[in-house]
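Q: Could you talk me through this one?

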Amino acid sequence: MGDILGLVAKRLGLGLIILLVISVIIFFMVELLPGDIAQAVLGQGATPENLAALRKEMGLDQPAIIRYLNWLRGAVVFDFGNSIVTGASVADTISERFANTLFLAAYAAVIAVPVSIVLGVLVALARNSIFDRVANVATLTSISSPEFFLGYILILYFSVKWGMFPAIASLSSDMSFGELLNRTFLPALTLVLVVTAHMMRMTRAAIINLLASPYIEMARLKGTPPWKVIVKHALPNAWAPIINVVALNLAYLITGVVLVEVVFVYPGIGQALVDAVSKRDFPVVQACCLIFAATFILLNLAADVGSILTNPRLRHPK
Amino acid sequence: MTKKKDVLLKIRNLKIQGYSNESWIDIIKGVDLTLHRGEVMGLIGESGAGKSTIGAACMGYARDGTRIVDSVIEFDGMELTTATEAERRALRGSRIAYVAQSAAASFNPAHKIIDQHTEAPLQYRLKKRLEAQEDAMMLYERLRLPNPKEIGFRYPHQVSGGQLQRAMTAMAMSCRPDLIIFDEPTTALDVTTQIEVLAAIRDIVDQFNTAAIYITHDLAVVAQMADTIKVLLKGEEVEEATTREMLEHPKEDYTKSLWAVRSFESPQRHRPKDGVPLISVRNVDAAYTGGAKVLDDVSFDIYEGMTVAVVGESGSGKSTTARVITGLLPPSKGEVLFKGKPFPADYRDRTKDQLRQCQMIYQMADTALNPKVRISEIIGRPAAFYSGLKGVALKNRVDELLDLIELEPALYYNRYPPELSGGQKQRIGIARALAANPTFIVCDEVTSALDQLVAEGILRLLDRLQNEMNLAYMFITHDLATVRSIADEVVVMQHGKVIEQGPKDEMFQPPHHPYTDLLLSSVPEMDPDWLTTLLEERGIDNVGDAASARIATDDPRVSGTGA
């Protein structure tokens, strides 16, 4: 087991380094945006004196390196400074939004991951059958349609025509959990449709890829029934690629929800990012980007660790 | 030993087709086979003869991309070709079992050995899990696996190849089948391991009076195992007879040619009296990054124009030594001399002229040649790189090289590796090595993946080239028959050490280092009584790994070795 801990520690260290590099990129990308923030905040009422005063107040008169280090020092303890539009703490504004996004992502993931893996196993079992083709075409159609289009179609049928679910996912703090699930069902379903195809096809491909292995033939020649060949003999060896695709899609559920949140007016972090960009609220933009990056790194790290843990050679060394 | 003589398996007019280039072509063209209960039949032939396909067909199983047409396969009165898939599946594992060539690849890496063993008995509800596990341990013990109570609870990668092969035989026995198909079960094993597996298989097949079909390309092996032998060629039967009759009086020319295949022997050359060795390996230690020492104080010389065969089991450090000489793996201690002068340890520090001297030919010609590159370029690239040839001169050089390896330049110049047969690919590998104009070539198991007839052709070619161009070979092999036919000197390696070395004629004469002795005595001979006699002489505990583990280090013959 010592080997595995070492491997995990190495991956974790690597993840931290990548995060640091990304923080540099994010900070200086925002720096490169044209225009003067102080000028933008003051707008028409800017005089040279109050411009200079505001710059000093915001620390803009200092060199970029110093500002980066100050920002980084705050970011480590989740202090991303104050919004320059509302003046409220960025961390406070974002944390609630981020929690909402996480909830929606988890809702979609709880449906999408099992469904796509089970579907993937089923289509691998019935490969090249009608069922395989229908499942492929259906999931490909849903992945190829833009989210906003899928979202509006779902709204049209599920809420306008059949009245089953609300079209707008507005939240309030006194809702019951059931009510919450009901309100957010349509955005979650949209996300499920978007990510299922990828995971299902990867599961199918990873399993079929193994079917030519000698140990699969051995299992067949032992009289093992086809479903058991797939579930017991192929699937345990196919986890590594499947886990990686699942992780990528989970990351997408968190960072790629902007369109879905806008369509369903869902108060998530994606909307917060869109608002912040249009208002040049750069502390919020930087914080959102850093959170997205951290999500990606963390999930990929989890995928790496997962792949390591599913490899019997690493789990049971000689 | 009395064997019941009722027919167990009757195959008539077996035809199997394979799908290729959008049409079905015949792979097996009407083979008949009759097997009685308790009888062992050997199927032999070269690769592509359809041995394994017939083996699978005995279970009513057609591999992906093949189909069985218009045949009769009757197993114990049941017609398999008309049975439903479920009926056929119910036979597999329970009444007909299969032992595959590579146990390492045929055990599922994700499950413990014993769980795979008990899968079939549990599936058929023949035994409860604990009963099945106890039965497995009993079989492991009978097959003389170490720690029979515990070994099944390991994962396949934690067990050695020879042990896995025996565990797979035990697995085939788990439901006490009437018939076992052995598909080249010892081909991937070292000779000393092979002998143990052979003894174990023969023993257990006898004990349970199981009928078996034993598929192999190795005549000496099949001679030990089978009651009758059927020779196959390109999907057709050549002849069938009892083992003794087949060995003593083969009727068909093809069979005779198979029997005569080891006739080639190159006359032995001797070291010049006072020459400087071309390559001299001096006290080399080596290890892969972070790993344990793989080579331990390895020293030997290779003289110009001579062949040094390096023999030993897998993992004994043969290929690592070659990597050290070619500079792919710089040694941690010691050095390599070329014509008496130190050779830079890392190939990156060698000059083009130094690099040119050492070339390699690999075991798997399939993977050693880029399938997307034309033959002309595969051979032409090193010719251009080392000699700076261009245009017409380069084309002439490639033609000349193709002539050397006995392939018609006009026919092969523009072809791609996948269009060639295994032997032709290996010839291209040789031409690529020759293109650099080397003085020394490392041949790493170059004939192990080839059929015997083809392998002999390659050996003859290598010998001819050596005489014409005064090449020195380092010939890595685990096959002692190959050593006999081509070597001038022999180096025996075990656990990263050179344990014995000397001229070939001396090496095949006693007294030996006990390990060399073990190695030599483990090579199967064409005599059908060889295994029986050997086991009687030495006892079952004195062959194979068990014996090699027991070689005492204070044996006087061990300490007093060397050239």
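This is a predicted model: local features need pLDDT of at least 70, side-chain atom pairs count only at pLDDT 80 or more; totals for chains, interfaces and linings use all residues.

Q: Which residues of H15(B) are buried?
A: They are B:Ile375, B:Ile378, B:Ile379, B:Gly380, B:Pro382 and B:Ala383, where buried means that 20 or more other C-beta atoms, placed from the backbone, lie within 10 Å of the residue's own.

Q: And what do those pack against?
A: The buried residues of H15(B) pack against H16 (391–404), H17 (409–412) and H18 (422–434) of chain B; helices here are DSSP runs (H or I, at least four residues), numbered from the N terminus.

Q: What follows H15(B)?
A: B:Gly388 does, and its phi is positive, near 65°.

Q: Switching topic, how far apart are the centres of domains 1 and 3 of chain B?
A: Taken over C-alpha atoms, the centres are separated by 35 Å, with domain bounds coming from an automatic or database domain assignment.

Q: How many residues are in the largest nonpolar core?
A: It has 214, and B:Ile213, B:Tyr214, B:Cys443 and B:Phe475 have the most contacts inside it; such a core is a set of buried Ala, Val, Leu, Ile, Met, Phe, Trp, Tyr and Cys residues joined through C-beta atoms within 7 Å.

Q: Which helix gives the largest share of that core?
A: Helix H9 (residues 185–210) of chain A does, with 15 residues.

Technical notes
Residues are numbered from 1 along each chain as its sequence is written. Chains are lettered from A and ligands numbered from 1 in the order in which they are written. A residue is buried if 20 or more other C-beta atoms lie within 10 Å of its own, exposed if 12 or fewer, and partly exposed in between; C-beta atoms are placed from the backbone. Helices (H or I, at least four residues) and strands (E, at least two) are DSSP runs, numbered from the N terminus. Two residues are in contact if their C-beta atoms, placed from the backbone, lie within 7 Å.
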